[in-house]
Amino acid sequence: MEDESRIVELELRYMQQQELLQELNDVLYAQQRELDALRAEVEQLKKKLQDEPGLVDARQHEKPPHY
């Protein structure tokens with residue numbers, strides 16, 4: 001009887017660990033997709049800035065009139 005209850009307990013723990021592992025995997029997958037989307041957006045913005053240098057305000061690099 002003791003061995004049977006230990007086996008049942010181990011099986012229950014195993015199932016809980018499997019569920020937790022699946023949850024962690026789902027979260028990791030979602031984060032990776034979001035990271036990939038953000039990287040693509042950054043690359044798109046970099047390319048846009050390279051293709052159209054006028055998008056950045058040129059006045060940022062000018063000295064104020066009091067200098």
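Guide: Helices (H or I, at least four residues) and strands (E, at least two) are DSSP runs, numbered from the N terminus. In these terms the protein chain has 1 helix and 0 strands. This is a predicted model, in which local features need pLDDT of at least 70 and side-chain atom pairs count only at pLDDT 80 or more, while totals for chains, interfaces and linings use all residues. Residues are numbered from 1 along each chain as its sequence is written, and side-chain values use heavy atoms, with hydrogens and water left out.

A salt bridge here is a side-chain nitrogen of Lys or Arg within 4 Å of a carboxyl oxygen of Asp or Glu, and the count by this rule is 3 salt bridges. In one of them, arginine 13 pairs with glutamate 9, and the closest N and O atoms are 3.2 Å apart. These two residues, arginine 13 and glutamate 9, stand 4 residues apart in helix H1 (residues 2–51), so about one helical turn separates them.

For the surroundings, buried means under 20% relative accessible area, exposed over 50%, and partly exposed in between (1.4 Å probe, protein chains only). Arginine 13 is partly exposed at 48%, and glutamate 9 is partly exposed at 37%.

Another salt bridge joins lysine 46 to glutamate 43, with 3.5 Å between the closest N and O atoms; lysine 46 and glutamate 43 are 3 residues apart in helix H1, which again means a separation of about one helical turn. Lysine 46 is partly exposed, with a relative accessibility of 45%, and glutamate 43 is partly exposed as well, at 47%.

Lysine 47 forms a salt bridge with aspartate 51, whose closest N and O atoms are 2.9 Å apart, and both lysine 47 and aspartate 51 lie in helix H1, 4 residues or about one turn apart. Across the whole protein chain of 67 residues, 0% count as buried.
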